[in-house]
Amino acid sequence: MPHRLISGPQSMRDRVQETLSAHRNELVSLFSRYIAKGKGILQSHHLTDELDGVDGEDEGMQKLKDGPFSQIWRCAQEAIVLPPFVAIAIRPRPGVWEYIRVNVYELSVDQLSVSEYLFFKEELVDGQYNELELDFEPFNATFPRPTRSSSIGNGVQFLNRHLSSIMFRNKDSLAPLLDFLRTHKHDGHALMLNDRIQTISGLQFALARSEEYLSKLPSDTPYSDFEYVLQGMGFEKGWGDTAQRASETVHLLLDLLQAPDPSTLEKFLGRIPMVFNVVIVSPHGYFGQANVLGLPDTGGQVVYILDQVRALENEMLLQIQKQGLDAIPKILIVTRLIPDAKGTTCNQRLERISGTEHTHILRVPFRTEKGILRKWISRFDIWPYLENFAEDVSNEIAAELQGVPDLIIGNYSDGNLVASLLSNKLGVTQCNIAHALEKTKYPNSDLYWRKHEEKYHFSSQFTADLIAMNNADFIITSTYQEIAGSKNHVGQYESHIAFTLPGHYRVVHGIDVFDPKFNIVSPGADMSMYFSYSEKQMRLTALHGSIEELLYDPEQNDEHIGMLSDQSKPIIFSMARLDRVKNLTGLVECYGKNAKLRELANLVVVGGYIDASKSRDREEISEIEKMHSLIKEYNLHGKFRWITAQMNRARNGELYRYIADTRGIFVQPAFYEAFGLTVVEAMTCGLPTFATCHGGPAEIIEHSVSGFHIDPYHPDQVSTLLVEFFELSQNEPSYWNKICDGGLKRIHERYTWKIYSERLLALSGVYGFWKYVSKLDRRETRRYLEMFYILKYKDLVRSIPLAIDEQQ
């Protein structure tokens, strides 16, 4: 009997054409509804809502709704309606896209290329077509990458498997490893190997001799006792601080040379001293250790970096000690110096980080031809300053480090661009951390960039993002969702695969989320500040008086307004910046509209200013005004408390726990959240947490196990879920405890700074090694990026007006 040939999966075009043949009337009816909406963009929920809303009594429509077509349609991310055409972007799985166009009048279906789809999309803005197309795919076409969506974010494992299989094919291919070990230095001193070892066979012989020698020593013998013996064999410092540690490292390398294995390679590289000096770049906002949280553009990113560097310094010190070295690591957080510091330390050039010995904030001012800019400016307005800033930073870090760093870490769009400029100039390994890419926060902000340009300058920012993400040696994200989203939601980086800025350029292949540069490394909360409410002996009860004043003091002032008449009720709590995306006003409106929810619980939000005249942030001012109007509209007096942004982290940690004492909950209602540090903080303190399903929190929380997912675009469903939780918790008090315990378990398994710092240093070593021994430096891509930077980015930022200090 002949075997049936197995072919690849049908294209989306073929599947839709088949459905059109089988359900002509039904599809004509459905697509006619889309056409009736007129020229424009339909988002995924618009497409599925029309399908879900079909008349259940129509048998043909019901079959269409229940059949395979419904599965296809739930993969559709957007549709461009230009009657009689409907072009659809379909995403069958994360990172994989297909484009089709349906002619509703002729009942035909065409497959579209990326370029054709974007060209069609550009017709929505009065035919402002692009002559410039960007395509990074040819530079990476021969570079291996995984193909399964589940492998996205595990880049280093894939890279090690692939490159080690090539590198260890024969002895000749091991030469780059030997060169790397022989040329490895710190402060001009050789590490690992000296000139006595010149060949692979010589290395194997020396390793065997040293292994035999070390096996005869007591395991705790310090390296200094046998340093000169190993030096005579061809070895320098770096193998370990004791005989046992050095023996283990020698054994790992022998195993590699005899029976190569990618996991052994990663372990060995993790033991090589490679990272001594680190520069972390975060230019925007008020970067400081006190009195800054809640100021414009100053929130979770500052907390993230401060916790990051403390953990990183501890891990670097531990690793350097275990490597048998007496080197002192240095970490510099590079940010902007703001002369008008508004009561913060942001006008100080150098500031040591508390809780560290070797980590400092290095502040460098923004400079123009007219001199130093004194005042704060929004993160959306800083693009014209960054090139000069990068040049000045290069000189400053050279003076502080007396050399170049081993690793540069960028943060957010501006920091990642500066990190790109620095890494290219200094030849240093670059790591990017986006925190939040603005493109996914503001739907269609690429196509309609002109509507946002005066306020946000997205054309410059999206261009900077494209340059930085393609320039980076590796990118770390807090969650999978940041890279490739979920089954139903597009990831932050994924949104940069293909897009258009009409009048500027069209991106047909901007980034590949399957690229092995992507790695998931999740942060945690500072366990000294954030711990379970049940840890009674650790509780900061001395702060309860000031917390109760914050929550219940009847005085209405600039720090808090609103009253909680019934203090026996549990509290719905939220804390965030007061901007549109964080959606605190959306939570207040959701609460105000549901009478049952108001009956069951009080609402407390912490964020922003109460007095709009105190803010200089355009978006925050708008949200302040909206908050005041909501309080009046829903008559929230007696049930709602609004507290200004709080900068005391110790008290904030105890505030979470105090809310938990009331059997309350934490709600994070953002329209999009890249990670969700407050989600981790709340869960670490034992608060049952309800967080947005758009972004990282959907990955942090296991729905109904360690918390709950909410969709801020459906506030009625959110309020219903909150009512159900409070009612169930009243009837079964153990239910509140169950969700609390599930959250704590999740945090301790996945989200700690110790795990984070170990992983970050391991990645830096692996990518630094492969960059040295292979073509992983992506030189062709970087030359392409240099041209794009000069011809497009610099031209775009010239259109952004420079800020003027008041005295000028």
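Predicted model: local features only at pLDDT ≥ 70, side-chain atom pairs only at ≥ 80, totals over all residues.

Is Glu-122 buried or exposed, and at what relative accessibility?

Modeller: Glu-122 counts as buried, because its relative accessibility is 0%; the class "buried" means under 20% relative accessible area, "exposed" means over 50%, and "partly exposed" lies in between, with a 1.4 Å probe and protein chains only. Residues are numbered from 1 along each chain as its sequence is written, and side-chain values use heavy atoms, with hydrogens and water left out.

The partner of Glu-122 is Arg-506, with which it forms a salt bridge whose closest N and O atoms are 2.8 Å apart. Since Glu-122 belongs to helix H6 (residues 114-122) and Arg-506 to strand E19 (residues 505-509), the pair ties together parts that are 384 residues apart in sequence. A salt bridge here is a side-chain nitrogen of Lys or Arg within 4 Å of a carboxyl oxygen of Asp or Glu; helices (H or I, at least four residues) and strands (E, at least two) are DSSP runs numbered from the N terminus. Arg-506 also counts as buried, because its relative accessibility is 5%. In general, side chains of opposite charge can pair when their charged atoms come close.

Lys-754 is partly exposed, with a relative accessible area of 41%, whereas Glu-315 is buried, with 6%.

A further salt bridge joins Glu-654 to Arg-539, with the closest N and O atoms 2.6 Å apart. Glu-654 is part of helix H25 (residues 649-661), and Arg-539 sits in the loop between strand E20 (518-520) and helix H21 (544-552), so parts that are 115 residues apart in sequence are tied together. Both Glu-654 and Arg-539 are buried. Elsewhere, salt bridges link Asp-297, Arg-379, Glu-438 and Lys-441 in a network.

Arg-663 is placed between H25 and strand E25 (665-668), and its phi is near 65°, a positive value in a residue other than glycine. Because its relative accessibility is 31%, Arg-663 counts as partly exposed. Asn-444 likewise has a positive phi, near 60°, and is not a glycine; its place is the loop between helix H17 (438-441) and helix H18 (449-456). Another backbone feature is the cis peptide bond between Pro-83 and Pro-84, where omega is about 10°. Pro-84 lies in the loop between strand E2 (76-82) and strand E3 (85-93).

Strand E25 takes us to a sheet. Seven strands form an open sheet in the order E21-E24-E23-E22-E25-E26-E27, with mixed pairing. At its edges are strand E21 (560-561) and strand E27 (708-710), each of which pairs on one side only; two strands pair if DSSP finds at least two bridges between them. E21 runs antiparallel to strand E24 (residues 640-643) over two bridges, and His-560 stands opposite Ile-643 in E24.

As for the whole, the secondary structure of the protein chain comes to 31 helices and 27 strands. The radius of gyration is 29 Å, close to the 28 Å that the globule rule gives for 808 residues, so the chain is as compact as a globular protein of that length; this radius is taken over C-alpha atoms, and the rule is 2.2 Å times the number of residues to the power 0.38. The C-alpha trace spans about 85 × 80 × 65 Å along its principal axes. Among contacts (heavy atoms within 4.5 Å) between residues at least 6 apart in sequence, 72% join residues at least 24 apart.
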